[in-house]
Amino acid sequence: MIMRGWEGNIRKVVPYTPGEQPKDKKVIKLNTNENPYPPSPDLMRAVKEWDGDGLRLYPDPSAEILVDAIARYHGVYPEQIFVGVGSDDVLAMSFLTFFNSSKPILFPDITYSFYDVWAELFRIPYERLKLSEDLSIVPSDYFKENGGVVFPNPNAPTGVDMGLDAIEEILEHVRDVVVIVDEAYVDFGTRTALPLIKKYENLLIVRTFSKSRSLAGLRIGYAMGSPVLIKYLNDVKFSFNSYTLNQPTICLGAKAMEDEEYFQETLRKIIDTREWAKEELRALGFSFADSKANFIFVKHKYCPAERLYSELREAGIYVRHFDQDRIRDHLRISIGTQEEMEILIRFLKEYLSSI
Ligand SMILES: *Cc1c(COP(=O)(O)O)cnc(C)c1O
C-alpha cells in the first residue's frame, strides 16, 4: 500500500468494534447486553414532559444534580463521584489520567475488548494476563510491578465474578498505582468493591447506566473513589471537554436514581430468567462458567459457535461471537425477556436436534 508522506505522522489506532444495532425492530437482540426492559414509567413521563427552553444555555459542567443523586444513592460524598458519557468515556478519561507510567498496565487476556484499544490510543504499555482454565482471574498474577490494573467484576464476556477478598489481595500488593474495577454488571448479583474505597485511596470503581438501569441510549457512566482521585480525573476532563453530559441527560439521569423499586424488580426478572436459561442451555449440551452478569458465555459440545451464530442470525436472533484466540468456540448471549429467551431455547432445541 502506498502511504502519503503526511500519513506517517498520524495517530493510528485499530478501533473497538461495537455490537451491531440492527434497524429491524423485530430482531431478538441478545448481542450487546442492553436491558430488555424499558426505563421506569416515572422516567418515561419525565422524557415526555421535558421542557426544551433551557437548551440555548450550556449544561452545568459539573452535572451537580446528577452527581448529588448518585452520591446520595451510594452514601458517599459528591466529591467522590465523577460522571461521563457512558462508562466508556469514564474509562477512557481514567486511562488517560491514571495510567501514565512506563511500566505496563495489567488486565486479563479475555476481557472487555476496549481496554487494549485505549491503551494503544494513549500509548500506554500493557500486558494481558491469562485467565485460568475455568476462566477466572488469578489474583496473584497481579502482584508484580505494574503501571496500573484494570478488570471488570464480574468479568466480561465470561460473567465470572471475584470475591472482595481477592480484590483486596490485589489492592494490598498494588499500592503505587491506580486499580480500576469496572462494575458494569455488578447489579446482577456480585458484591461491589465500593466499601474498599475508604481504605484504598488508589481504588476507582466504574459503573454504567447502560445495563442494569435500562438507559444505554442516554449515555451515562460514573466513577467512585477517594476525593483526591476524583479531583485528578476532573482536572483531565476539564482540560479536554467541559460539557460532556447534556442537559436532558443530567436531568433524566438524576431522576433515574429515584426508581429503586422498579430497578430492583427489573433486576430480579433478569436474574430469574438467567438462572432459568442456564438450566435449559445445560440440558441442550452447552457448557459455561457460572455467570453473574446479564449474559451467558456458552460453548456447545459439538456445534461450532460460528455456525450457531449464523443460524441464529438467520432466524432473527442476534448474539455476539468474538473471533479471538481461546474464545472462538464461544457465544455470548445477553439475557432478554423471559419470552425472548423461550424463543431462543425453542430455536436451539429444534436446530440442534436437526443436525
Ligand atoms: C458495556 C460495558 C461498558 C461500557 O458501558 P457504557 O456505559 O455503555 O459506555 C464498560 N465496561 C464493560 C465491561 C462493559 O461491558
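This is a predicted model: local features need pLDDT of at least 70, side-chain atom pairs count only at pLDDT 80 or more; totals for chains, interfaces and linings use all residues.
Let's start with the aromatic rings. The structure has 17 aromatic pairs. Take Tyr 185 and Phe 295: their ring centres are 4.9 Å apart and their planes meet at 85 degrees, so this pair is edge-to-face. Tyr 185 lies in the loop between strands E6 and E7, while Phe 295 belongs to strand E10, so the pair ties together parts that are 110 residues apart in sequence. Are these two residues buried or exposed? Tyr 185 is buried, with a relative accessible area of 6%, and Phe 295 is buried too, at 0%.

Phe 295 has another partner to look at. The charged end of Arg 332 sits over its ring, 5.8 Å from the centre.

Now follow Phe 295 into its sheet. Strand E10 (residues 295-300) is part of an open sheet of three strands, ordered E9-E10-E12 and paired antiparallel. E9 (286-288) and E12 (331-334) are the edge strands with a single partner each, so one side of each has no neighbour in the sheet. On average, neighbouring strands here are turned by 45 degrees against each other, ignoring direction.

Zoom in on E10 and E12, and you'll find four bridges between them. Arg 332 turns up again here: in E12, it is the bridge partner of Phe 297. Helix H9 (residues 305-314) packs on this sheet and touches E9, E10 and E12, with its direction at about 40 degrees to that of E12.

Note on methods
Residues are numbered from 1 along each chain as its sequence is written. Side-chain values use heavy atoms; hydrogens and water are left out. Rings of Phe, Tyr and Trp (its six-membered ring) pair if their centres lie within 6.5 Å; planes under 30 degrees apart count as stacked, over 60 as edge-to-face and the rest as tilted. Helices (H or I, at least four residues) and strands (E, at least two) are DSSP runs, numbered from the N terminus. Buried means under 20% relative accessible area, exposed over 50%, partly exposed in between (1.4 Å probe, protein chains only). A charge sits over a ring if NZ of Lys or CZ of Arg is within 6 Å of the ring centre and within 35 degrees of the ring normal. Two strands pair if DSSP finds at least two bridges between them. Axes are lines fitted to C-alpha atoms, for helices over the stretch in contact, and angles run from 0 to 180 degrees between N-to-C directions. Contact means heavy atoms within 4.5 Å.
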